[in-house]
Amino acid sequence: MLMRRLRHDVSVLGSSVLDSAHVAVNAGVFARKAVEVLVQLVFGVVVQYGLKAVMFITALFYLLANEESLPQLLLRMVPLLPSDKTIVMEVLQRCVAEVFLMPLKLAAAHLGLTWAVFWVLGVELRYPALLLSVVFAVVPVLSPW
């Protein structure tokens with residue numbers, strides 16, 4: 001009887017130790033996988049943004065170090081007559097100016113519309129909302145709508 005009880009206790013203890021070892025191994029595998037995923041994520045983000053930063057700095061240095069403007073560089077590669085190149089250059093400069101002026105026009109429209117709506121509704125904090133609307137219209141990080 002004592003031997004049977006002792007065998008039973010040893011088998012329960014052995015299975016408990018094996019279960020604990022199995023849980024520990026599974027936890028180790030999970031931890032290893034978690035660390036692998038974290039390293040891949042961090043390495044991927046660092047490499048991705050590192051490459052973007054290198055490309056940006058290289059392009060910025062090239063554009064700033066060059067004596068010609070970017071449209072002149074681009075037009076030099078296009079096979080056009082000199083008279084056509086001047087026309088294309090003027091149109092391109094007008095388009096670039098409009099691209100930079102359009103957010104300011106949009107910001108003025110947001111300013112007027114937001115002020116009018118908040119004035120009609122009687123909103124007390126209209127001026128901070130006006131400021132945020134103008135900032136979000138000029139710098140399109142978030143939609144001002």
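What covers the buried residues of H4? I opened the predicted model with that in mind.

**Overview.** I took the secondary structure of the protein chain first. There are 4 helices and 0 strands. Read from the N terminus, the order is α-α-α-α.

**Burial and surface.** I then checked how much of the chain is buried. The protein chain has 145 residues, and 7% of them count as buried.

**Contacts.** I looked at contacts between residues at least 6 apart in the sequence of the protein chain. Of these, 24% join residues at least 24 apart.

**Helix H4, length.** I turned to H4, which covers residues 126–138. Its 13 residues, at 1.5 Å each, should span 18 Å. I found its end C-alpha atoms 18 Å apart, so the two values agree.

**Helix H4, faces.** Which residues of H4 are buried? I listed Arg126, Leu130, Ser133 and Ala137. Looking down the axis of H4, I saw these buried residues fall within an arc of 65°, so they line one face of the helix. An α-helix has 3.6 residues a turn, so residues three or four places apart point the same way. On the other side of H4, I found Tyr127 and Leu131 exposed.

**Cover.** Back to my opening question. The cover over the buried residues of H4 includes helix H3, residues 82–121.

Methods:
Residues numbered from 1 in each chain as written. Predicted model: local features only at pLDDT ≥ 70, side-chain atom pairs only at ≥ 80, totals over all residues. Heavy atoms only, no water. Helix = DSSP H or I, 4+ residues; strand = E, 2+ residues; numbered from the N terminus. Buried < 20%, exposed > 50% of the residue type's maximum accessible area, 1.4 Å probe, protein only. Contact = heavy atoms within 4.5 Å. Expected span 1.5 Å × (residues − 1). Arc of directions from axis to C-beta.
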